[in-house]
Structures are given as C-alpha cells and as structure tokens.
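Please have the sequence and the structure at hand while reading.

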Amino acid sequence: MKNSNLFAKLLAVVLIFLSNPTLAVEWTAEWIWSKERFTDPNSWVVIRKEVNLESVGQNSTAYISADTKYWLWINGQLVVFEGSYTGGPSPVKPSPRVDFYPIASNKYYDQVDIGRYLKKGKNTIAALAWYYGDNGQKGTYISSNTGGFIFQAHVGDNVIATDSSWKVLPHPAYDKKVIKKSPYRVAAWSVKYDARKDLNDWSNKAWYMPGYDDSDWQTPRIKRQPPRPPFFGLYPSEIPPLNNYGLANCENYPESKFPFISDGKTIKCKLDFNKNFTPYFDIEAKAGQQIHIKSNMRLNTIETFYTTKAGRQQFESYSWLNGRIIEYRIPKGVKVHGLKYRWTGVGTTPGHFEADDAWYSRIWQMAENTLYICARDNFMDTPDRERGLWIGDVADQASYLFYSMDKPGRDLLKKAIKVTLAFSDSESGIFAGLGPGRFRELPAQSLQFIEQGIWHYYYNTGDLETLKFAYPYVHRYLTLWGIKDNGLATFRTGDWKWTDWGPQDTIDYDVIQNALYYSALVSARKMAKAVGDYTHIGLYSHRINSIKQAYQKHYWQNGYFSSNPNKFKDDRANAIAILFGLAKPEQYQQIVDNVLIPNHFASPHFEWMVYNAMAIAGRYEDALQRMKTRYAKQVDNQALSTLAEYLPSGGTENHAWNAPSTVLSQHIAGIAPTSVAWESYQVMPNMAHFKRVKQFVPSVQGDIDFEIQRDQQTVKIEIDSPENTTAIIGVPKQYFAIQTIMVNGKKLWENGQLTASISGIKLAGEDNKYVKFEVQPGHWLVTAQR
C-alpha cells in the first residue's frame with residue numbers, strides 16, 4: 001500500500017509536469033466550431049478567415065489542433081493534409097483505469113511553418129475539420145465529445161488566432177449518417193458525399209480559395225482558450241504532420257489511358273505496393289449517379305459513397321484506407337478523366353537492404369513496407385480492421401524501426417512510450433497492452449515493451465529525457481511480481497495472459513513469462529544506472545540472479561528448456577532463453593537442433609526472435625532457411641508487398657509484428673550499436689551463402705552506408721561512417737586464409753601484422769572469426785585478399 005501511494009503521488013507530479021510543457025504556447029486563440037449540433041459524430045465543418053498583413057516574416061509559425069482532423073489551405077494552396085493526431089499525450093488527471101471507461105485527455109497541436117504561403121496584403125486561411133465523435137473499440141482515439149478547431153499563427157508582430165471573427169459552416173455535402181461496418185474497431189468513418197450540395201470543392205472557385213463569398217456563413221461557437229475543458233491542455237505533437245507524397249496515377253492506369261467511358265464494371269486500380277492512401281477521381285457525369293470506392297483488403301472497413309453532380313467534377317475522399325488495389329464502381333456511361341490516389345505516411349523509410357539472393361532482399365523490403373503502413377497516428381497492429389496501439393506489436397516494430405525509418409519514425413516510438421505510460425493506472429501501476437483509450441493488461445506484452453520497446457528506444461536514440469519519464473513506471477510495474485521459494489517469478493495473468501497466436505497448446509507460458517520478466521529486470525537495472533537512480537539496483541540484481549539460476553535448475557531438460565518436457569518443446573521459449581542470456585553458450589547448439597529447427601509454432605510475433613537467437617548461436621544459414629520455409633508462401637506471391645498476421649499466411653495482409661528483416665540487418669549485414677545513440681557501433685558481417693550484402697542504416701548519428709562482396713580470392717568492404725561515431729569493422733576470416741588487407745588503396749596489414757599507419761583507422765584485435773579495425777568517420781574501402 002505504501003508503494004502504491006508513493007507511485008500515485010509520483011504520477012500526479014508527472015502529470016503536473018506534463019500540464020506545463022516547456023514548449024507551451026501562450027494561447028490567445030479560442031476553440032471554435034459550428035453552432036449547429038456541435039456534438040454530432042462524423043461532422044465535417046469548413047472554416048475561413050481573411051487577414052491583412054503589412055509584412056511577412058521569414059519564420060511564421062502556426063499552432064493548430066482539431067478534434068479530430070483538419071486540412072489547411074492558405075491562399076488556395078494546400079498546406080497540411082490530414083493534420084492533428086488522434087489520442088492525446090496524457091490524461092487530464094490521474095485516476096484508476098477501467099477498460100472501456102472514457103477518460104478525459106489533453107490534446108496535441110501541430111507546429112507548421114506557413115511563411116512561404118503568405119503574402120503582403122490580403123490572405124485567405126481556410127480549413128476543413130472533421131470530428132469523429134466515436135472512440136472506436138481499440139482505444140487509439142479519445143474524443144472530447146464535441147468538435148473543435150484552433151489556429152494561432154505568429155507572423156512578424158501579428159498574431160492570427162481563431163475567434164468570433166472567423167466564419168464556419170457545416171459542410172453540406174458530407175452526410176453524417178454513415179453506418180459503420182463490423183467489427184466497428186476503427187474510430188474513423190467511411191465517407192458519404194453528395195456533390196450536388198458541394199461548395200465548389202476541388203475547383204478554382206472552391207470555398208478555400210481567395211475571393212469566395214462567405215457572407216452567409218455562421219459566426220462560430222466559441223469554446224474558450226486552452227487549457228480549459230473539453231479540450232484541456234495542448235501539447236506539441238511528438239511528430240510532424242504527415243508526409244504527403246502527392247497525387248499519383250495507378251500502375252495500370254497511366255495518363256495515356258484517359259479519358260475513357262466506364263462500362264459499369266469494377267475498375268481495379270493497382271498501386272505499385274501496399275500503401276495508406278486517399279482515393280481521387282476526375283469524371284464527367286449526370287447528376288445523381290452513385291460511385292462506390294473501397295480497397296481490395298478483405299478486412300478494410302473504410303469506404304466511399306459518392307453522389308455525382310452534373311458535369312465535370314473532381315473528388316478526393318479524405319478518410320484514409322489501406323490497400324494495393326483501389327476498387328472503383330463507376331456507373332456505365334460516366335466519362336473518366338482521371339483515377340489517382342494520395343499516399344501519406346509518417347516521415348520516410350530511407351533504410352535499405354539487398355543481397356545477391358533476391359528472395360531475402362524482397363522479404364526485407366516487404367517488412368519495411370509493413371512497418372511504414374503501420375505507422376501513422378501511432379504505431380498500430382494493422383491499418384485495416386483495428387489500428388490499435390498494441391505495445392507488444394510496437395516492441396516488435398522497434399526491432400527493425402532503427403534500420404528503416406528516419407527521425408519521425410523514431411519520434412513515433414517515443415510517442416507510443418509516453419502515451420502508454422501516461423495512461424497507466426495510478427493505483428496499481430499497471431500499464432495496458434492496448435491504449436490509450438482501452439485498458440487491458442497483457443503481462444507478456446508489457447514486459448516485452450520494457451526491454452524491446454523502452455530500453456531499445458533509449459539505446460538507439462540517447463533520449464534521456466524520455467527514459468527519465470519512463471523509468472518510474474517501469475520500476476512500479478515490475479514490483480507487481482514476486483519471487484517464489486524456488487527462485488522463479490510469480491505468474492501474472494493480467495486481463496489476458498495471451499502471449500502468441502501460434503498453436504495455443506504449444507505455448508510454455510511459465511518459461512516465457514519468466515524470461516520476459518528477467519529481460520525487463522535487466523533493462524530496468526540499465527535504465528536505473530542511465531538515469532542515476534541506484535535505489536533499486538539491489539532488488540533488480542537479486543531477482544536477476546535468482547531467476548537465472550532457477551531457470552537452469554527447473555527448466556533445462558537435457559537439451560532444451562521446458563516447464564513440462566512431456567508437453568512443451570516451445571520454439572518461442574527456447575529462442576528467448578538465448579536472446580535474453582538465460583541459456584549458456586554451451587547449450588545453444590542443442591537448443592537449435594532440438595527445438596528451433598524442427599518446431600515451427602511461433603507466429604510472426606515471436607518468429608523474428610527465433611531467427612535472432614539462431615544467429616546468436618552462429619547458425620546463420622539455418623536461420624535463413626527457417627525464414628524461407630515459414631515465409632515462402634507470402635514472399636513467393638508477387639502480388640503481395642507486405643507481410644501477413646499469421647504464418648504461413650492469413651489474417652490481415654499487413655501486420656506490424658513481422659520483423660524477419662531484423663536478423664538480416666543486425667546479424668547478416670552485422671550492423672549494430674555498441675553504445676547509446678550509435679556513438680559507437682560494429683559491423684560484423686556473417687554472409688552465410690550470400691556473395692554480396694548491402695545495408696543502409698539511417699542512424700540517429702547519420703547515415704551508415706555499407707556493402708560487402710566476396711569471391712574465392714577477395715573480400716571487399718566499403719562503408720561511409722557518419723560524424724561523431726567510432727566503428728569496429730570485422731573482416732571475416734572464414735572464406736580463405738587472409739594474406740593482405742588494403743585500406744583505401746594502401747596496404748595496412750599482412751600475415752597478421754600491421755605494415756603501415758593510416759590516419760583514422762587502427763587495428764582493434766583479431767579472433768577466430770574476424771580481423772577487426774576501429775575506424776573514424778569517413779569513407780573506407782577495405783580489401784582482404786588470399
């Protein structure tokens with residue numbers, strides 16, 4: 001009880017800190033909305049303001065938020081496409097959490113530089129705002145129970161702020177009455193739009209263009225300045241507005257195919273790969289005809305229902321959906337001038353892997369595609385049926401995030417950490433496996449999130465501020481376990497003891513949870529040292545030592561780990577025993593041979609960990625072969641570009657927890673950080689059957705561009721290493737006896753001895769696998785010869 005009270009006080013202090021962010025804006029703007037039925041779900045409202053500016057500064061920053069989404073135009077130019085992120089940074093006050101119980105949340109605001117869109121004289125600022133008013137069943141959105149939009153811009157000495165002088169109007173073409181498709185998990189709605197009631201949208205006479213007559217529009221309903229309810233505190237978004245890739249043609253409908261007359265059959269418009277998109281068309285039709293748009297994804301619940309007006313018209317449906325094929329049903333006789341889509345996402349994916357075996361290049365790219373479409377308002381399990389922030393899925397995503405995505409991707413992981421923990425339960429210290437609006441404890445996911453999510457984020461970014469925020473929650477949660485007389489941890493079922501979607505009768509729950517708890521303790525001890533809090537080091541060390549000894553004593557069964565050898569020979573349990581350091585090196589080969597090669601029980605959620613464990617055991621070729629066996633059905637299907645929920649296939653076609661690419665980057669290319677924030681890293685390639693491997697890593701320190709090639713006589717390594725880093729590069733010895741090593745064209749090493757001195761590189765040792773060199777930033781070409 002004492003610890004619970006202390007934690008509640010600590011959480012209250014944290015929330016007070018959150019309510020006064022260092023980047024806070026001094027708000028003079030007021031929340032505005034239409035006066036008419038302002039709480040109706042699925043409401044679309046248009047907003048306008050004309051302002052005169054005597055001058056325009058170089059840096060003109062706008063601060064914008066909405067419940068729930070907004071699109072912004074300035075002087076007729078699109079500035080922000082789908083701004084505002086759903087959910088919120090924190091609850092308004094600490095409180096006990098109950099599943100499906102609404103909890104008041106603060107909001108995010110976007111920061112947008114609008115200077116290049118402004119001009120001296122009259123300027124038109126216009127926004128389309130969309131209020132969901134439905135939390136969905138997976139908790140990613142917490143509604144304020146009323147629509148709202150706020151805008152404040154600092155332009156030189158001028159402040160432009162939403163107030164009673166702005167104009168608003170419920171958009172008459174958007175129908176609020178849309179029936180959601182089962183299973184009702186997504187907070188967003190399908191779009192039902194009647195172009196006969198439009199406001200000249202998508203034309204040079206549109207409501208967002210300068211000169212539009214808004215004299216008959218309403219004055220807005222004023223909903224106070226922040227931080228008052230119902231929107232409460234406003235906090236800077238962790239991530240920038242979405243990256244808008246612009247309108248593009250489908251692969252099979254280039255410009256040369258237009259115009260054509262629809263025959264009334266479904267038009268299947270193919271994207272180059274699976275994307276999150278908004279569909280667009282340009283048609284010529286009679287009034288009152290019906291157009292239907294959806295994606296090819298079986299579990300997608302977002303559709304568009306459009307009623308035509310007479311004549312030429314364009315339309316883009318702003319409720320994003322996912323797919324690789326857009327299916328248009330356009331009535332017979334309609335003239336089609338264009339079919340396009342807009343791809344949007346968080347940041348970019350500059351990371352890249354390729355090998356001379358194209359199968360592995362393809363699976364790596366499919367994994368990256370899957371990661372990117374599961375990154376938007378939050379990291380999510382899938383963009384189709386749920387869009388849920390399952391933190392076990394986030395932990396899987398974190399394993400390959402740092403080899404794929406740029407800074408917005410890293411920041412999205414920070415957001416997942418902060419939101420999950422901020423919405424934890426103030427009494428028990430539990431943080432949910434799904435949030436922020438849902439509250440269900442899944443102990444296996446929460447424990448995994450500590451090591452593979454929170455610690456992994458800090459180790460790859462060096463973001464000490466976020467770690468300091470997270471650590472008290474981590475410590476409090478780990479105290480919910482005890483240590484039994486036999487030295488192992490007590491078992492927690494939580495709200496759901498779910499651990500994996502593989503065959504349920506093969507899951508060795510006790511062995512897995514003890515390993516996950518052990519890994520969380522090890523990470524908590526490292527976190528404590530990093531933040532300078534040594535209060536609980538003794539507790540962590542005692543439990544770590546206890547579990548490690550008891551794990552061997554009670555679970556090792558002369559060849560593998562099991563709580564019941566007559567029932568369990570679990571690949572998941574045995575993989576993480578290697579991965580988290582519970583297995584002894586001398587046990588590795590037995591585990592691989594007895595369990596990891598023959599038993600294929602894991603779903604993708606654990607499958608990537610099996611590959612990493614096999615690589616740690618030095619069984620690289622076996623790991624690659626298992627990957628090819630388990631993923632062959634998907635990778636060999638050239639129609640697919642993302643990875644599915646289950647193995648060999650099934651469920652959603654694009655599920656976040658697929659991380660088979662991790663082993664290729666971390667163990668085959670062999671690139672991994674060796675200190676916080678990639679200040680030092682290693683390149684220890686293990687090429688298996690490959691003759692060429694290339695890896696590009698967008699690290700927090702800068703880009704690492706690496707390539708290794710080999711033949712019977714030569715191993716050639718080329719790397720660009722970023723500033724402020726030190727790298728250890730291993731030249732593999734396994735292919736032939738190395739006689740000489742050249743660096744940037746100069747002989748540096750011969751027959752085990754240095755023969756020269758080259759600035760920026762020095763010998764770092766030799767073992768049975770590598771000749772190692774320490775290199776400073778720059779371009780390095782290392783050539784080893786027989």
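Strand S2 (residues 43–53) and strand S7 (residues 121–131) run antiparallel and are joined by eleven bridges, where strands (E, at least two residues) and helices (H or I, at least four residues) are DSSP runs numbered from the N terminus, and two strands pair if DSSP finds at least two bridges between them. Within this pair, Lys-49 stands opposite Ile-125 of S7.

Both strands belong to an open sheet of five strands, ordered S5-S4-S7-S2-S10 with antiparallel pairing. Strand S5 (77–83) and strand S10 (167–170) are at the edges with a single partner strand each, so one side of each has no neighbour in the sheet.

## How the model was read

This is a predicted model, in which local features need pLDDT of at least 70 and side-chain atom pairs count only at pLDDT 80 or more, while totals for chains, interfaces and linings use all residues. Residues are numbered from 1 along each chain as its sequence is written, and side-chain values use heavy atoms, with hydrogens and water left out.

## An eight-stranded sheet

Another open sheet, also with antiparallel pairing, is formed by eight strands in the order S22-S27-S28-S29-S36-S31-S32-S33. Its edge strands, S22 (352–355) and S33 (753–754), each pair on one side only.

Strand S27 (residues 692–699) pairs with strand S28 (residues 702–710) over eight bridges in the antiparallel sense, and Gln-695 has Phe-706 in S28 as its bridge partner.
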